[in-house]
Amino acid sequence: MTQIVKMKGMNKYFGKLHVLRDIDLTVEQGEVVVVIGASGSGKSTLIRCANGLEEFESGRVEVHGHTLSPKGGNQQALTAIRKEVGMVFQQFNLFPHLTVKQNIMLAPKKVKNTPKTVANATAERLLDRVGIGSQADKYPSHLSGGQQQRVAIARALAMEPGLMLFDEPTSALDPEMIGEVLDVMRELAKEGMTMMVVTHEMGFAREVADRVIYIHEGQIVEQGKPDDVFDNPRNERTQAFLSRVLVR
């Protein structure tokens with residue numbers, strides 16, 4: 001199986017704070033890896049290092065065969081990775097002055113020089129795919145939070161990525177809107193999209209993940225199949241965390 005992400009001995013600091021400690025991690029093509037842990041444990045920083053949004057101080061990160069150097073030393077690799085990795089953030093980060101369709105068309109046109117007609121057709125197809133084809137000509141402010149996040153997913157998919165990163169994509173949503181975003185992510189997983197997902201949605205993690213990773217204070221302390229991690233955690237830190245977040 002092809003390894004899409006390879007991290008070896010990666011360390012990340014914010015000033016004197018050691019945020020990620022000797023991270024060794026691989027993600028295989030078609031695998032869904034869900035990262036869980038307490039707030040401030042380094043989960044979001046981990047996946048942001050996978051597409052160069054955060055620089056790291058030591059170790060090695062390789063994505064789609066492109067190697068990122070510590071402290072942002074390989075701009076060519078970074079540019080290549082940005083074209084092949086889609087990212088969905090906590091906040092939707094849509095351009096308010098552009099319509100939904102225009103938001104989706106922007107990156108393919110600017111980054112990949114996709115012809116306007118092709119970008120337009122792709123945007124319409126992806127909006128249908130995430131269930132909001134009728135919203136194409138509206139502006140983001142006219143959509144619900146769940147709809148805006150689905151637009152953000154469609155925008156990331158428009159670059160035809162080989163890897164999708166999700167950084168707590170439902171954390172800014174009202175409870176009734178969470179399900180519609182998770183449904184889109186479930187469909188992506190079924191279609192074989194390689195995904196790294198940071199989330200507090202434990203039910204989603206159990207259902208969709210091929211592998212669950214628990215991070216504590218910047219270290220991967222446990223990982224395995226969802227049933228193993230949730231039902232029989234071996235590490236006492238994992239046990240303590242799950243006892244707080246799982247409804248028995």
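Two strands are said to pair if DSSP finds at least two bridges between them. Helices (H or I, at least four residues) and strands (E, at least two) are DSSP runs, numbered from the N terminus. The model described here is predicted: local features need pLDDT of at least 70, side-chain atom pairs count only at pLDDT 80 or more, and totals for chains, interfaces and linings use all residues. Residues are numbered from 1 along each chain as its sequence is written, and side-chain values use heavy atoms, with hydrogens and water left out.

- Strands of a sheet pair through backbone hydrogen bonds, either parallel or antiparallel.
- Strand β9 (residues 211-216) and β10 run antiparallel and are joined by 5 bridges; His 216 has Gln 219 in β10 as its bridge partner.

**Helices across the sheet**

**Pairing of β1**

- Strand β1 (residues 3-14) pairs with strand β2 (residues 17-28) in the antiparallel sense over 8 bridges, and Met 10 has Ile 23 in β2 as its bridge partner.
- The hairpin of β1 and β2 has 2 residues between the strands, and Gly 15 takes a positive phi near 65° there.
- β1 also pairs with strand β4 (residues 58-63), in the antiparallel sense over 5 bridges; the bridge partner of Asn 11 in β4 is Ser 58.

**The largest pocket**

- A pocket is an open set of points on a 1 Å grid over the protein atoms alone, where a 1.4 Å probe fits, with protein on both sides within 12 Å along at least five of seven lines; lining residues have an atom within 4 Å of a point.
- The largest pocket is lined by 18 residues, and the closest to its centre are Arg 82, Met 87, Ala 107, Arg 155 and Met 159.
- Two or more lining residues come from each of α2 (75-84), β6, α3 (100-111) and α5, and α3 gives the most, with 4 residues.
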